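Visitor: I would like to learn how to read a model like this one. Please take me through it feature by feature.

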Amino acid sequence: MKKPAGKKRPKRTKQNELVKPDKRPEFRDVFIESRAFKTLITSAIEVYNRETNGVILGSNTVKAIKDERKKVITIKEVYPFQTEERKPSEVVHGNVAAFKRVLRTIDSFDAEIIGGYHSHPFPYFKVRLSKGDFASIKEDIEAMMKVGHKRVANEWLEILLSIKRKEYAKPSGREWYICDYIKKLRCYVRTQKKVGWDILVSAYWIYPKKQDPQKAKPLKWEMGAKEAAVFVPWNLD
Ligand SMILES: [Zn+2]
């Protein structure tokens, strides 16, 4: 006998019903769970020097961060897309039908998309989102809202991985470590004796800036960006 794997849920989750276009974004800081963090880093190294991208799943939580209980958003899972068209300075949905299948599948599992991620392989000029990034995030939000992921219309979390391959003069074994900046994190991974990766991890909230009540569709609004601090389990103590 077939057993349903998940609970049958109401047509739309309560949380989504509560999302109103005029709700103010919270801009919470970001906590990335260890497995999700390793997936982000590995997927950026895998396709170097092309861009990786995918969606991130998670929820609002409260976390003890540096002796303080803080409201954060926790990234629990990362799904890297497999069917994209990847270039050194751009990544696009190579197969729109496949992209939509991913969105619908995640919704069937009753998981919530909170945003996306992508990488900027070296030479990146500045650590920031480009105009093209804003345009494609807008398109993704639109596609996601159509299949029921409504939360992202008010606030979309984008994780940016600025990645550079490094060659070292002095050989060393495989290792990795993290450096903590005010908001960003830097992750160094040594994958061969003289080869490693330097990945700067930053997080941005993308949100509708002009909240004009005459315009019903939030996607018509200009999008703003606000950087949030990133935490991982290894830099909390
Ligand atoms: Zn980009």
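Guide: Start with burial. A residue is buried if 20 or more other C-beta atoms lie within 10 Å of its own, exposed if 12 or fewer, and partly exposed in between, with C-beta atoms placed from the backbone. Helices (H or I, at least four residues) and strands (E, at least two) are DSSP runs, numbered from the N terminus. In α2, the buried residues are A36, F37, T39, L40, I41, S43 and A44.

Visitor: What should I know about the model and its numbering?

Guide: The model is predicted: local features need pLDDT of at least 70, side-chain atom pairs count only at pLDDT 80 or more, and totals for chains, interfaces and linings use all residues. Residues are numbered from 1 along each chain as its sequence is written.

Visitor: How many helices and strands does the protein have?

Guide: The count is 4 helices and 12 strands. Of the 237 residues in the protein, 30% are buried.

Visitor: How do I check the length of a helix?

Guide: Compare its span with the expected one, which is 1.5 Å times one less than its number of residues. Helix α2 (residues 34-46) has 13 residues and should span 18 Å; its end C-alpha atoms are 18 Å apart, which agrees. Helix α4 (residues 131-146) has 16 residues and reaches 23 Å from first C-alpha to last, close to the 22 Å expected.

Visitor: Which residues of α4 are buried?

Guide: D133, I137, D140, I141 and M144 are buried in α4. Down the axis of α4, its buried residues fall within an arc of 105 degrees, so they line one face of the helix. The arc is that of the directions from the helix axis to the C-beta atoms. The general idea is simple: an α-helix has 3.6 residues a turn, so residues three or four places apart point the same way.

Visitor: What does the face of α4 turned away from its buried side carry?

Guide: That face carries the exposed residues K131, G132, A135 and K146. Just after α4, G148 takes a positive phi of about 110 degrees.

Visitor: Against which elements do the buried residues of α4 pack?

Guide: They pack against α3, β6 (113-121), β7 (156-167) and β10 (195-208). Contact means that the C-beta atoms of two residues, placed from the backbone, lie within 7 Å. Take K100, in helix α3 (residues 96-108). Beyond four places in sequence, K100 is in contact with A143 and V147. K100 and A143 are 43 residues apart in sequence, yet 7.6 Å apart in space, C-alpha to C-alpha.

Visitor: Is K100 buried or partly exposed?

Guide: K100 counts as partly exposed because it has 15 C-beta neighbours inside 10 Å. P208, in strand β10, counts as buried, with 24 such neighbours.

Visitor: How do I read a nonpolar core?

Guide: In soluble globular proteins, nonpolar side chains tend to be buried together. A nonpolar core is a set of buried Ala, Val, Leu, Ile, Met, Phe, Trp, Tyr and Cys residues joined through C-beta atoms within 7 Å. The largest here has 44 residues, and V30, L40, L157, I159 and L161 have the most contacts inside it. Its largest share, 8 residues, comes from β10. Beyond four places in sequence, L157 touches V30, I56, I73, I114, G115, A203 and W205.

Visitor: Which strands pair with β1?

Guide: Strands pair if DSSP finds at least two bridges between them. Strand β1 (residues 29-32) pairs with β3 (residues 68-80) in the parallel sense over 4 bridges, and I32 stands opposite I75 in β3. Strand β12 (residues 230-231) runs parallel to β1, joined by 2 bridges. There, V30 stands opposite V230.
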